[in-house]
Amino acid sequence: MSWYYYSDAKEAKARIKKEIAKRQKKGEPFRVVEAPSGNTKLVKTFWGKAWNDNLESYHDYEYRLPRGRSYLRQGNVYDLLIEPGRVTSTVAGSELYEVRVTIKPLKEDDWNQIKEQCSGQVASMLDLLAGKLGAGVLKILCDPESGLFPKPKEIRFSCTCPDHADMCKHVAATLYGVGVKLDTQPDLFFVLRSVDPTDLLSSSTLEISASQDPSLAEEDLSALFGIEIEAEPVVIESIPEKARKTKPKVGRTKRSTSDK
Ligand SMILES: [Zn+2]
């Protein structure tokens with residue numbers, strides 16, 4: 001039940017605007033995650049779609065996902081950061097809430113198996129990041145059991161909002177925000193899973209792969225995704241262990257839905 005009437009909502013909006021301005025003054029960027037509004041497809045590329053499809057396959061999450069999607073489309077998700085094993089963001093609701101999602105790193109054995117199965121079949125980084133791969137490789141990478149995507153039991157999340165649901169709309173908005181980010185920066189998927197995508201390239205293709213020539217990669221990726229690729233430094237510090245141990249800055253940690 002919502003006890004926020006229109007005037008309360010308006011008041012909250014003004015309060016949040018003020019709070020954002022205050023925190024920006026202190027040096028927090030508050031960069032909004034730009035997501036298409038209305039009925040335009042949320043994501044367009046292979047990895048963005050694959051991420052969202054995987055998200056929507058978690059039946060435990062299905063009730064919260066639509067609200068999260070509209071939250072994201074309305075521009076309420078800020079400073080979404082994807083690091084090894086961790087996603088953080090600030091989401092505007094009635095207040096500003098801090099969201100943290102931790103994802104267990106891909107098991108070494110599983111990664112080795114994926115590498116072995118894909119051996120010699122991934123021609124270049126560009127093909128991999130664009131999802132231009134054979135059906136066999138795609139099946140291996142997207143397999144719900146042994147593929148690259150995290151399973152619900154490997155995901156934990158927390159939010160500083162007072163919502164007692166297992167997954168609040170702020171977490172759902174953040175998870176969809178990851179899909180939107182992957183649309184323009186698909187390499188972040190591999191950062192999140194704490195694996196090196198060049199491991200999937202065979203040694204002969206590695207020599208000519210775009211990863212060896214970052215300028216070429218950026219140029220081609222810009223053309224490929226129709227966007228300006230910012231030369232943003234990729235966070236490679238290995239933090240999943242730490243991330244799992246670190247408690248959220250504020251608020252309580254909620255159980256993952258898979259704990260049920
Ligand atoms: Zn929340």
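Reader: Why is Cys118 called buried?
Author: Buried means under 20% relative accessible area, exposed over 50% and partly exposed in between, using a 1.4 Å probe and protein chains only. Cys118 has 0% relative accessibility, so it counts as buried. Keep in mind that this is a predicted model, where local features need pLDDT of at least 70, side-chain atom pairs count only at pLDDT 80 or more, and totals for chains, interfaces and linings use all residues. Residues are numbered from 1 along each chain as its sequence is written, and side-chain values use heavy atoms, with hydrogens and water left out.

Reader: What makes Val137 a contact of Cys118?
Author: A contact means heavy atoms within 4.5 Å. Setting aside neighbours within four places in sequence, Cys118 touches Val137, Ile140, Leu141 and Leu200. Cys118 itself sits in helix H4, residues 108-118. Helices (H or I, at least four residues) and strands (E, at least two) are DSSP runs, numbered from the N terminus.

Reader: Which residues of helix H2 are buried?
Author: In H2 (residues 46-56) they are Trp47, Gly48, Ala50, Trp51, Asn52, Asn54 and Leu55. Their cover includes H3, strand S3 (96-103), helix H5 (125-130), helix H6 (135-142), H7 and helix H8 (187-192). For the protein, buried residues make up 47% of the 260 residues.

Reader: How do you know at what angle H3 and H7 pack?
Author: Axes are lines fitted to C-alpha atoms, for helices over the stretch in contact, and angles run from 0 to 180 degrees between N-to-C directions. On that basis H3 (residues 65-73) and H7 (residues 169-184) pack at about 65°, with axes 7 Å apart. By class, their contact has 7 nonpolar, 3 polar and 3 charged residues. Here Ala, Val, Leu, Ile, Met, Phe, Trp, Tyr, Cys and Pro count as nonpolar, Asp, Glu, Lys and Arg as charged, and the others, Gly among them, as polar.

Reader: What makes a space a cavity?
Author: On a 1 Å grid over the protein atoms alone, a cavity is a set of points where a 1.4 Å probe fits but cannot get out, and lining residues have an atom within 4 Å of a point. Grid points are joined across faces, edges and corners, and a volume is the space filled by probe spheres set on the points. The search finds 1 cavity of 30 Å³ or more. Its lining is Leu106, Lys107, Asp110, Gly147, Phe149, Lys151, Glu154 and Arg193, with 2 nonpolar, 1 polar and 5 charged residues.

Note on methods
On a 1 Å grid over the protein atoms alone, a cavity is a set of points where a 1.4 Å probe fits but cannot get out, and a pocket is an open set with protein on both sides within 12 Å along at least five of seven lines; lining residues have an atom within 4 Å of a point.
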